[in-house]
Structure formats: C-alpha cells, structure tokens
Amino acid sequence: SAISGGSPEYVVPDVFVRRTERGWSVEMNPSTLPRVRLNQGYASLLGRNSSHATLRAQLQEARWLLKSLEIRNDTLLKVARAIVERQTEFLEHGDEHMRPMILKDIAAAIEMHESTISRITSGKYMHTPRGVFEMRFFFHSGIPSSTGADISSLTVKQKIKKIVGAENPRR
C-alpha cells in the first residue's frame with residue numbers, strides 16, 4: 001500500500017475452456033462481449049424516407065460495426081479453439097507437456113494472416129482448469145531434442161526447475 005494506493009485490477013477472461021464428456025469446450029465470455037445493437041424501429045423509418053441520406057449512411061456504418069464485431073468474436077473463438085486443440089496435453093497434464101507452437105501455426109490452421117493472430121491474442125485471456133492465462137502464454141518456440149521432435153521452451157524450463165528443486169540444498 002505504500003507503493004501503490006490504487007485498487008487492484010482483475011483480469012477478466014475473454015474465453016472459457018472447460019473439460020466436457022466430449023472433449024474440450026471453448027466458449028466466449030458473454031460479459032466481455034460488447035452490447036451493441038440497432039434499433040430496428042428507427043432503421044425501418046429511414047428505409048422508407050429518401051431525404052435522410054446522412055442518417056442512412058450512419059445506419060450503414062452501424063451495421064458495418066456490428067458485422068465487424070461479429071467477425072472479431074468469431075476469429076477469437078477460432079484462435080482459442082486452435083490453441084486448445086494443440087495444447088490439450090498442457091491442459092490435462094501441466095507445464096511439462098506444453099507443445100512448441102508459434103503464431104504461424106495457428107495462422108495456417110485457421111487460414112488467416114500471422115498479424116491477425118498476433119492482434120487477436122494480444123491482451124486477451126483464457127480461463128482454463130489450470131488457471132487464467134494470456135493467450136500469448138501458449139506460444140513458445142521449439143527446441144530440437146535428441147529424439148528429433150521439438151520441445152517447447154517452457155517444457156525445458158520446467159524440467160530444469162524440477163531437477164534443480166530435487167537437488168540437495170546443502171550442496
């Protein structure tokens with residue numbers, strides 16, 4: 001309290017991941033979705049009158065905004081599902097089972113540009129049975145192993161931490 005007098009800021013996850021009987025379920029958090037809608041009564045009035053060109057243009061912009069928000073939410077859901085699909089071992093068994101994955105992998109999986117994946121994962125959070133993680137957390141480079149398969153850099157860090165933790169502290 002001597003350093004900061006502000007109230008704590010809590011992370012609100014954008015996506016919920018749950019284990020179900022049929023596998024992993026990914027859902028949007030309804031509380032983070034913007035509540036924007038058009039008043040259809042006003043929209044229908046504008047359709048009948050040709051003298052309100054400015055208002056019709058604004059109505060078109062409002063429809064475009066709604067469509068853009070819908071596309072954004074669909075993209076976020078696709079990205080989250082692709083992440084969960086590739087990181088099920090992590091979700092089931094923990095840090096040592098994280099698979100190497102980069103933005104390019106998800107971009108290829110959902111057929112979008114890497115920069116889109118970068119933007120959509122920035123500042124977005126996923127609530128999983130293992131905790132709340134920023135979506136960027138799931139992206140780790142791969143390190144070649146003796147078996148020929150790449151290992152996630154997070155997995156290597158966790159294995160080193162485990163080995164060091166098991167050492168005799170007196171030595």
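A crossing of two helices is called right-handed if the near helix is turned clockwise from the far one by less than a right angle. Keep that in mind for the first stop, and remember as you click around that this is a predicted model.

**Stop 1: α2 and α4**

Select helix α2, residues 53–86, together with helix α4, residues 103–110. Their axes sit 10 Å apart, and the two helices pack at an angle of about 115°. Angles of 65 to 115 degrees count as roughly perpendicular, so that is the word for how α2 and α4 lie to each other. The crossing of α2 past α4 is right-handed.

Now show the side chains where they touch. On the α2 side, pick Lys78, Val79, Ala82, Ile83 and Arg86; on the α4 side, pick Asp105, Ile106, Ala109 and Ile110. Colour this contact by class and you'll get 6 nonpolar residues, 3 charged ones and no polar ones.

**Stop 2: α2 and α5**

Which residues meet here? From α2, select Arg72, Thr75, Leu76 and Val79; from α5, select Thr116, Ile117, Ile120 and Thr121. By class, this contact has 4 nonpolar, 3 polar and 1 charged residues.

**Stop 3: the core**

Next, head for the largest nonpolar core, which has 28 residues. Select Val15, Val17, Ile83, Ile106, Ile117, Met126 and Phe138, the ones that touch the most other members. Two or more residues come from each of β1 (15–20), β2, α2, α3 (88–93), α4 and α5. Which element gives the most to this core? It's α2, with 7 residues. As background, nonpolar side chains tend to be buried together in soluble globular proteins.

Zoom in on phenylalanine 138 while you're here. Setting aside neighbours within four places in sequence, phenylalanine 138 is in contact with Ile83, Gln87, Phe90, Met98, Met101, Met126, Thr128 and Phe133.

**Stop 4: leucine 33**

Finish in the loop between β2 (23–28) and α1 (40–48), where you'll find leucine 33.

What does leucine 33 touch, leaving aside its neighbours within four places in sequence? Select Met28 and Asn73. Asparagine 73 lies 40 residues away from leucine 33 along the chain, yet their C-alpha atoms are separated by 8.1 Å.

Definitions and conventions. Residues are numbered from 1 along each chain as its sequence is written. This is a predicted model: local features need pLDDT of at least 70, side-chain atom pairs count only at pLDDT 80 or more; totals for chains, interfaces and linings use all residues. Side-chain values use heavy atoms; hydrogens and water are left out. Axes are lines fitted to C-alpha atoms, for helices over the stretch in contact, and angles run from 0 to 180 degrees between N-to-C directions. Helices (H or I, at least four residues) and strands (E, at least two) are DSSP runs, numbered from the N terminus. Angles under 35 degrees count as roughly parallel, over 145 as roughly antiparallel, 65 to 115 as roughly perpendicular and the rest as oblique. Contact means heavy atoms within 4.5 Å. Ala, Val, Leu, Ile, Met, Phe, Trp, Tyr, Cys and Pro count as nonpolar, Asp, Glu, Lys and Arg as charged, and the others, Gly among them, as polar. A nonpolar core is a set of buried Ala, Val, Leu, Ile, Met, Phe, Trp, Tyr and Cys residues joined through side-chain atoms within 4.5 Å. Buried means under 20% relative accessible area, exposed over 50%, partly exposed in between (1.4 Å probe, protein chains only).
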